[in-house]
Amino acid sequence: MLYFLLIILVLLVSIGYFVYNKLNQIPQFSKNIIVTGASSGIGECLAETYAMERLAKNLVICARRVDRLHQLKKRIEDKQSKWEQSKKTKVTVLQIDVSIEEDCKRLVDESIKAFDGGKIDYFVLNAGRTSIERFSEAENLDDHKRVMDINYWGPVYTAKQVLPHMKKTGVGHFIVISSVAGLAGMLNRTAYSASKFALKGFFDALRLELVDDGYRNINLTMIYPGAVVSEVHDQVEKRVGKKRNMKVFMSTKDCADHIIRAAELKRIDYPTTNAGAMLHYAGNFIPSNIFDKMRISGAKSMFQE
Ligand SMILES: NC(=O)c1ccc[n+]([C@@H]2O[C@H](COP(=O)([O-])OP(=O)(O)OC[C@H]3O[C@@H](n4cnc5c(N)ncnc54)[C@H](OP(=O)(O)O)[C@@H]3O)[C@@H](O)[C@H]2O)c1
């Protein structure tokens, strides 16, 4: 009887040890991750979540406001200060303007250096600018062009620079932050919607090219967030002269969690809200006069009266 109990005890301890090891193994920990637009909002929160949930071994964060990036790096280092050295995230800060092709080249070159020439697991193309104006009332197309420079050309310049490295290592995953405005045109958002639709067209076609060339481990996930609390809305409020209805907005942490999950599941298109999912899946089944009214009132409800 004693022997039997001993065997059960040894078995239980072995199973416990195995489970404990599995839980602590965190297979994703070795990931090399780049986040553009990490100085505020969704990108900042996503970068911090990758670090604090032990998903990123090496993290490159970039944007134009380098002081904000250094604050984020310090916050991550402070929070991880008591962690074992091997579990800490190495954070690299780069000052990059994604609308400048040379900067995107530097971003890719410096990131590869930071990863010791290793694979890039996630390249989060998040940096973006919003725009709100009625097309027929715009004095010129300057804002339209600026939005395309950042939201469309930034990711395209970056993809052009990084693809040879992804092909060499055979691994890569673009996580592209679009918007619900990239699923259906949004009222007073001609430039913004156009930039996000262009992203979808570009990356969907590129994905097919990669599949056709046999690169099955270079993936793409397009994320379509609904409204998320971030500084982007300060610009909108200034421009429109009305307060945003932030009560209905998602937090950056919830949005970051959606992004991480969608990428782990290798989803191709991922709306983070039910409204986004409806735009994505149900748009073709609702009569257009009803659907248009829903979209116009949806866009207006984002502002306080
Ligand atoms: N918040 C929402 O409701 C919402 C909804 C759907 C989609 N999105 C998308 O989510 C992404 C992040 O937006 P957010 O809401 O987090 O806004 P945010 O707080 O204003 O963040 C935008 C980020 O992009 C960076 N950025 C802007 N222009 C850049 C440039 N030329 N070069 C490099 N970085 C640049 C900004 O950094 P610097 O200014 O320091 O350069 C900042 O880090 C954007 O693509 C946006 O379109 C947001």
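User: At what angle do H2 and helix H3 pack, and how far apart are their axes?

Analyst: Keep in mind that this is a predicted model, where local features need pLDDT of at least 70, side-chain atom pairs count only at pLDDT 80 or more, and totals for chains, interfaces and linings use all residues. Residues are numbered from 1 along each chain as its sequence is written. Helices are DSSP runs of H or I with at least four residues, strands are runs of E with at least two, and both are numbered from the N terminus. Axes are lines fitted to C-alpha atoms, for helices over the stretch in contact, and angles run from 0 to 180 degrees between N-to-C directions. Here H2 and H3 (residues 66–79) pack at about 25°, with axes 10 Å apart.

User: Is Phe 115 buried or exposed?

Analyst: Count the other C-beta atoms, placed from the backbone, within 10 Å of the residue's own: 20 or more is buried, 12 or fewer exposed, and in between partly exposed. Phe 115 has 22, so this residue is buried.

User: Where is Phe 115 found, and what does Phe 115 touch?

Analyst: Happy to show you! Phe 115 sits in the loop between helix H4 (101–114) and strand S4 (122–125). Leaving out residues up to four places away in sequence, Phe 115 touches Asn 32, Asn 58 and Ile 120. The C-alpha atoms of Phe 115 and Val 176 are separated by 21 Å.

Key
Two residues are in contact if their C-beta atoms, placed from the backbone, lie within 7 Å.
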